[in-house]
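Below is a short report on selected features of one protein model.

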Amino acid sequence: MPRLRLAMTVLLAAALAAAGCSFGNDKPSGGTQQGAGAGATTQGKVDLKGVCPDPIVVQTDWFPETEYGVYYHMLAPNPKVDVKRQRVSGPMVVDGQQTGVQLEVRSGGPATGFKLVSEQMYTDKSITLGQVNTDEAIRFSAQQPTLAVAAPMEISPFMIMWDPGTYPQFNIIADIGQTDAKVLYFKGDTYMDYLIGSGILRQGQTDDGYDGGSDKFLADGGRTTQAGFATSEPYIYQHDLPGWNKQMDYALVNDTGYPFYPQALSIRAADKDKLAPCLKKLVPLVQRAQVDFLANPGKTNEFIIKTVKDYNSEFWSYSPGLAEYAIGKMRQDFVNNGSDRTIGNFEVGRIQRLIDIVTPILVGQRKPAKQGLQPGDLYTNEFIDPSIGVAGS
């Protein structure tokens, strides 16, 4: 089941009107609930008609999955599924209220010819917002600048995993660098340049030929270590991969000192003034939807599973067990309020840290970032509602 990581739909029944987001009418679990002040949304704040583009188009970097559930969570039941183009569309509903606009969520990966989201956003100007990693935003800041407006995940689940039976001595990524173990990763992943340049891994042990499949790993008998997402591949390899079905251990790239924001919700930088009235209303709704999705994921996950099945792609499948695993990992490790009480906002120090890391890498590749790049060129917190957060985080 290949996976590439370079990786919001129709009328809500009146009976759901007070239940939360459209798919999210399950009982909260795990103690994850909306934070203080998050329940104060009024109809006026939900109404996006005449303020936002219609439809609002969100470009993701992969197939539907739990990690991106926040966008599908804002779709009313029975959305239109375009199997051929791998898009889902319909009225956007928040807190049981119609927003007055349509929402369209587009898949990435094979559906866009494996283009990076920032590239796709400049190729297709009908896209309103897209998922862009911080290091990707730095890399394309000169030619295809994007501006992040919300970070649905606080910590990146990007990781490198290994077979603990083969490598019982591994605990962190630096342990891999002390051996000759091959590290298979996606070509173009900037974090690998950082891991090599900082001496954590060695150039000679890395292989950028990973296409998301398991063939190379299986052919090597599990001696290869492999990049991926901590919210998916470890479960897939243990439970959904015939020929292996054994536990995998992993370590996060974030823990090596590379604290990028994964799949941050971003706009084309030049669109900020035009979209500002919309973003002022929309971004808090995304914050609220993420909080509610964490608490009430059941129906949204059911929709994600069914939609992936309808797409019937050789590249991706999705099981109930994987969806449950992903939401558990998100609650435990990756979606929280960070250093304050607010979900979805950015820390300037983290952005500056990434600029300091990535800029010399790009200079060495003769693909420099924007001259004089500053954190404020890459993100803004001005549309974030600071009162919305995850309880207990």
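Phe158, Ile160 and Trp162 point one way from strand E7, Met159 and Met161 point the other way, and all are buried. Strand E7 covers residues 158-162, and five of its five residues are buried. Buried means under 20% relative accessible area, exposed over 50%, and partly exposed in between, with a 1.4 Å probe and protein chains only. Helices (H or I, at least four residues) and strands (E, at least two) are DSSP runs, numbered from the N terminus.

This is a predicted model: local features need pLDDT of at least 70, side-chain atom pairs count only at pLDDT 80 or more, and totals for chains, interfaces and linings use all residues. Residues are numbered from 1 along each chain as its sequence is written, and side-chain values use heavy atoms, leaving out hydrogens and water.

**Strand pairing**

E7 has antiparallel partners in strand E10 (residues 225-229), over four bridges, and in strand E11 (residues 249-252), also over four bridges. Two strands pair if DSSP finds at least two bridges between them. Met159 stands opposite Gly228 in E10. In E11, Met159 has Leu252 as its bridge partner.

An open sheet of seven strands runs in the order E2-E3-E4-E1-E5-E12-E6, with mixed pairing. Its edge strands are E2 (80-82) and E6, each pairing on one side only. The twist averages 35° from one strand to the next. Here axes are lines fitted to C-alpha atoms, for helices over the stretch in contact, and angles run from 0 to 180 degrees between N-to-C directions. Strand E5 (residues 129-132) pairs with E12 in the antiparallel sense over three bridges. Val132 stands opposite Ala264 in E12.

**Largest cavity**

Val132 and Ala264 are also among the residues that line the largest cavity. Other lining residues include Phe346, Ile351, Leu378 and Tyr379. Helix H4 (134-139), strand E6 (146-150) and strand E12 (264-268) each supply at least two lining residues. On a 1 Å grid over the protein atoms alone, a cavity is a set of points where a 1.4 Å probe fits but cannot get out; lining residues have an atom within 4 Å of a point. By class, the lining has eight nonpolar, four polar and no charged residues.

**Helices**

Helix H9 lies across strands E1, E3, E4, E5, E6 and E12, at about 165° to E12. Contact means heavy atoms within 4.5 Å. Ala289 sits in H9 (residues 272-295). Ala289 is buried, at a relative accessible area of 0%. Its C-alpha atom is separated by 6.6 Å from that of Met74, 215 residues apart along the chain.

Thr307 belongs to helix H10 (residues 298-311). Thr307 is buried too, at 1% relative accessibility. Not counting residues up to four places away in sequence, Thr307 touches Pro64, Val81 and Val88.

Most residues other than glycine have a negative phi, and most peptide bonds are trans.

| Residue | Phi | Relative accessibility |
|---|---|---|
| Asp95 | near 55° | 15%, buried |
| Asn245 | about 50° | 40%, partly exposed |

Asp95 lies in the loop between E3 and E4. Asn245 is in the loop between helix H8 (233-240) and E11.

Where is the cis peptide bond? A cis peptide bond joins Asp54 and Pro55, with omega about 10°. Pro55 lies in the loop between helix H1 (43-46) and E1.

Methods
On a 1 Å grid over the protein atoms alone, a cavity is a set of points where a 1.4 Å probe fits but cannot get out, and a pocket is an open set with protein on both sides within 12 Å along at least five of seven lines; lining residues have an atom within 4 Å of a point. Ala, Val, Leu, Ile, Met, Phe, Trp, Tyr, Cys and Pro count as nonpolar, Asp, Glu, Lys and Arg as charged, and the others, Gly among them, as polar.
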